Amino acid sequence: MIDGLSVLALIPARGGSRRLPRKNVLPLAGVPLIGWSIRTAKQLPEVDQVLVSTDDAEIAEVARRYGAEVPWLRPPELATDTASSNDAIVHALDQCEAAGRPHDLLLLLQPTSPFRDPALVREALALCARHGGEPVVGFNPARSHPAWCFTRADDGKVRPVVEGGTSKRSQDLPDVIEISGNLYVMGVAQFRRARSFFTPQTRAVVSEDRALALDIDDAFDWTVAQAVAAERAAP
């Protein structure tokens with residue numbers, strides 16, 4: 001708990017993965033990918049329940065082995081490529097309440113972002129609690145500034161996203177941040193209303209560590225993750 005508020009750490013993990021098959025159970029530095037997120041969650045004294053939402057029996061078995069609770073399997077209609085992740089989150093919250101274990105704060109940890117700073121997660125939880133459940137999301141400095149990004153028309157011509165941005169020196173551009181994907185925190189009641197972690201009240205916790213922004217989607221990302229994991233101990 002934090003400030004008297006119960007915290008649910010939710011780790012959503014579908015069985016289907018087209019670009020990198022079975023990625024959630026692939027061993028990363030000897031630990032299944034999903035195990036990295038579970039171990040981080042279990043290190044946090046504020047977390048009251050570590051729950052994995054999955055449609056896959058193997059993922060469920062691995063998650064239980066690493067200490068997470070998997071009391072049910074996610075319905076197939078909430079585990080397709082087109083299913084809304086927010087609907088899957090609400091389903092998990094509903095299941096907790098039906099089991100008599102409601103929570104006040106939701107900490108979402110995507111298993112495809114295995115590298116985290118526990119201190120940053122705790123900072124996000126404290127910030128959310130201090131501001132009455134308003135959302136807090138993990139960010140990193142943007143690798144590509146919008147001033148240097150372009151759109152391309154059907155005829156192949158390009159236009160800058162920010163007019164005049166390419167004429168400015170990099171040091172004259174405002175700092176911009178991008179979603180890291182490694183942590184999302186929000187009050188349960190607030191999430192139920194908004195169905196999103198992004199509202200006008202969303203705050204950021206920012207890390208300069210680029211590894212924290214790694215989201216494993218394909219074989220290239222996996223190669224990068226293996227290199228990072230070789231230099232870092234698993235949680």
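Helix 3 (residues 85–98) is the top contributor to the lining of the largest pocket, giving four residues. Helices here are DSSP runs of H or I with at least four residues, strands are E runs of at least two, and both are numbered from the N terminus. This is a predicted model, where local features need pLDDT of at least 70, side-chain atom pairs count only at pLDDT 80 or more, and totals for chains, interfaces and linings use all residues. Residues are numbered from 1 along each chain as its sequence is written, and side-chain values use heavy atoms, leaving out hydrogens and water.

**Largest pocket**
- Its lining has 29 residues, with P12, R14, S85, Q110 and T112 nearest the centre.
- A pocket is an open set of points on a 1 Å grid over the protein atoms alone, where a 1.4 Å probe fits, with protein on both sides within 12 Å along at least five of seven lines; lining residues have an atom within 4 Å of a point.

**Aromatic pairs**
- The whole structure holds four aromatic pairs (Phe, Tyr or Trp rings, the six-membered one for Trp, with centres within 6.5 Å; planes under 30 degrees apart are stacked, over 60 edge-to-face, the rest tilted).
- Y184 and F198 pair edge-to-face, because their planes sit at 85 degrees, with ring centres 6.4 Å apart.
- Y184 is buried at 10% relative accessible area, while F198 is partly exposed at 40% (buried is under 20%, exposed over 50%, partly exposed in between, with a 1.4 Å probe and protein chains only).
- F191 and F197 make a tilted pair, 5.0 Å between centres and 45 degrees between planes.
- Y184, F191, F197 and F198 form one aromatic cluster.
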